[in-house]
Amino acid sequence: MAAGESNSRSSCLNLSNSGPLGNAPPSNSAHSSPASNGGAVGAAAGMNRSAGNSNPQSGPENGGGAESAVRSTPSAQNPPRQSVGQSGATSGAASNMTATSSSSSSSSASTASSSADASAAVASLPSSPASVLVYREPVYNWQATKSTVKERFLYSDEVQIGPETVMTTLYTAKKYAVPALEAHCVEFLKKNLRADNAFMLLTQARLFDEPQLASLCLENIDKNTADALAAEGFTDIDLDTLVAVLERDTLGVREVRLFGAAVRWADAEAQRQQLQPTPENKRRVLGKALSLIRFPLMTIEEFAAGPAQSGILTDREVVSLFLHFTVNPKPHVEFIDRPRCCLRGKECSITRFSQVESRWGYSGTSDRIRFSVNRRIFVVGFGLYGSIHGPTDYQVNIQIIHTDSNTVLGQNDTGFSCDGTASTFRVMFKEPVEILPSVNYIACATLKGPDSHYGTKGMRKVTHEAPATGTKTCFTFCYAAGNNNGTSVEDGQIPEVIFYT
C-alpha cells in the first residue's frame, strides 16, 4: 500500500519509526540523550576512564554512539530520572568534592572518602539532556562510507534472502542506510519478477522509492497484462498505483478486460473502506481511474454486455457511448478513444505489392490473405487502397482471425476517406492485436464503396529491418481459401500491414 493515500488505509511499513536493529540516528545537538548518542552514559564512561577504569573499545571509532557506550557501561542503559533541583545539587556536590579532593593532603582516609563520594556522584548523574553537555561532530549516514556489510551493524557479507524475507530485509536496509544490502534485495526482486507478482512488487517499489524496479514491473505488466490482472495481488494495490497503470498506452489487453479488473478492484476497495459494494460506491472508490478506461475501444457487443449494465456509468455516459458506436460521424465522448500500445517502440509497416493497378470491385465479400511472422509483434492496422474515381468515403470492417481456431482476435467497423490517388490509407484496429511467431493468421477487409486501385506483383516473403537495431521481422503470405473477394499473394487488396515490435 502506498504511503499517504487518501482513503486512510494504513501503510504496511513506516520508514520513520525506529526498528529493532542498529543504532538510532546520530544527533547534531550539543544536548544529547542516552538513547540517541550515548549522552550522559558517554560522559560517565569518560569520567570512569579518568578514574582508571579505561575501556579502549568505546567511542565512535569502534562503533560509537549509544551501542558502544551501553556495552562499556551496562548499568547506565536506564539511568534514574532526577529533577532540576537534584541535578544542581548533584553538580554542586561533585564540584565541591573535586575541589576537596584536589586540595586535601591531610590523611589517606579523607582522600579515599572523597574519591568514593565522587564516584557516587558520577554514578548518579542525571539523564536529562539539559544536564549534560556532550560535543559531537555532525555525522550524516556514516554507514554509507563503508564499502562492505561487515563494517556496519551486521556481521557478515553473506546475505541469505528468500521470498518470505526479502521485503522486510529491504525495509531494514532502507531504514538503516545499508546500500549494499538494499542492492541485494532489489536484485533478488528483479530476478524473481513474474506476471503473478508484478502488481505486488510494483506497489512495494513505489513505496520504497525504487524507480528501476518499478519500471521493470510496469514493463512486465505491459507484456503480460492479462495474467497480471488475474493475479491475486492485483486487488490489493492502492488507487495511485491503479491510476498509474491505467494511464499507460502500452497495456496489451482488451479494454473490456481492463474494465472487469477495475470492477474487481473496486469491490475489494469498498470492503476495505467498510462500504457496501453498490455501483455508486464502486464509482466513488474508483475516482479518476474510471475515466481512464477507454470505453470507445470496446466493441458495441462488449460494451452492451458489460459496462452498460454495470450501473457504474451514468445514463448520460451510456447513451453517449452507444451513439459513438453506431453513428457516423462519431460524436465526442468524455472517455479516451486513443488505442493503447501506440507508444510501444516505433511504428513499422511492410508493403507486399511492388505495383499498383486499376480496378478492383466490391460486392460485400471480404478480401483475405493468410500470413505468419518470425517474431512476436502487435498489428495495429492495415493500409488499404482507395477509389479510382477521385475523393470518396468508404465503409470498412477489418479483422485478424486465428486460422486454426477461426477466432476473431481483433476487428473494427469504421470508415476512411481517400483522395483518389494510388496511395494507401490507414485503417486502424481499436486495440493492437498480438501476433505470435510461426502461427497462421488471416488478415481480412470488407469494403463498401466504388471500385478502387489494387496491387500486383506481390511478394510471398517481405522482411522489415529496424534501422537502429538491425532486428528483422519476416512476413510470409499465403492464399486464404474460402469466401474471398479475389485477393491473393500475387494481387488484390490489403497491401500494407502496420505494426509494432
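Helices (H or I, at least four residues) and strands (E, at least two) are taken here as DSSP runs, numbered from the N terminus. This is a predicted model, in which local features need pLDDT of at least 70 and side-chain atom pairs count only at pLDDT 80 or more, while totals for chains, interfaces and linings use all residues. Residues are numbered from 1 along each chain as its sequence is written, and side-chain values use heavy atoms, with hydrogens and water left out.

The protein chain holds 17 helices and twelve strands. Of its 501 residues, 42% are buried, where buried means under 20% relative accessible area, exposed over 50%, and partly exposed in between (1.4 Å probe, protein chains only). The accessible surface of the chain comes to about 25400 Å², with 51% of that surface belonging to carbon and sulfur atoms; such areas come from the Shrake-Rupley method with a 1.4 Å probe, and for residues only the protein chains shown count as cover. Contact means heavy atoms within 4.5 Å, and among the contacts between residues at least 6 apart in sequence, 76% join residues at least 24 apart.

In the loop between α6 and α7 lies A177, whose phi, near 55°, is a positive value in a residue other than glycine. A177 counts as partly exposed because its relative accessible area is 21%.

The axes of α8 (residues 198–207) and α9 (residues 211–223) come within 9 Å and cross at roughly 155°, which makes α8 roughly antiparallel to α9. Axes are lines fitted to C-alpha atoms, for helices over the stretch in contact, with angles running from 0 to 180 degrees between N-to-C directions; angles under 35 degrees count as roughly parallel, over 145 as roughly antiparallel, 65 to 115 as roughly perpendicular and the rest as oblique. On the α8 side the contact is made by A198, F199, L201, L202 and A205, and on the α9 side by L213, A214, C217, L218, N220 and I221. Sorted by class, this contact of α8 with α9 has ten nonpolar residues, one polar and no charged, with Ala, Val, Leu, Ile, Met, Phe, Trp, Tyr, Cys and Pro counted as nonpolar, Asp, Glu, Lys and Arg as charged, and the others, Gly among them, as polar.

The loop between α8 and α9 is the place of E210, and this residue counts as buried because its relative accessibility is 10%. Leaving aside neighbours within four places in sequence, E210 is in contact with K174, E182, V186 and A205. Another loop, between α12 (255–272) and α13 (279–286), contains Q274, whose phi near 60° is likewise positive in a residue other than glycine. Q274 is exposed, with a relative accessible area of 74%.

Turning to the strands, R359 has its place in β2 (residues 353–360), and the peptide bond from S358 to R359 is cis, with omega near 5°. V497 is found in strand β12 (residues 496–500) and, at 4% relative accessibility, counts as buried. Apart from neighbours within four places in sequence, V497 is in contact with C348, S349, I350, V379, G381 and F475. The C-alpha atoms of V497 and R352 are separated by 8.6 Å, although these residues are 145 residues apart along the chain.
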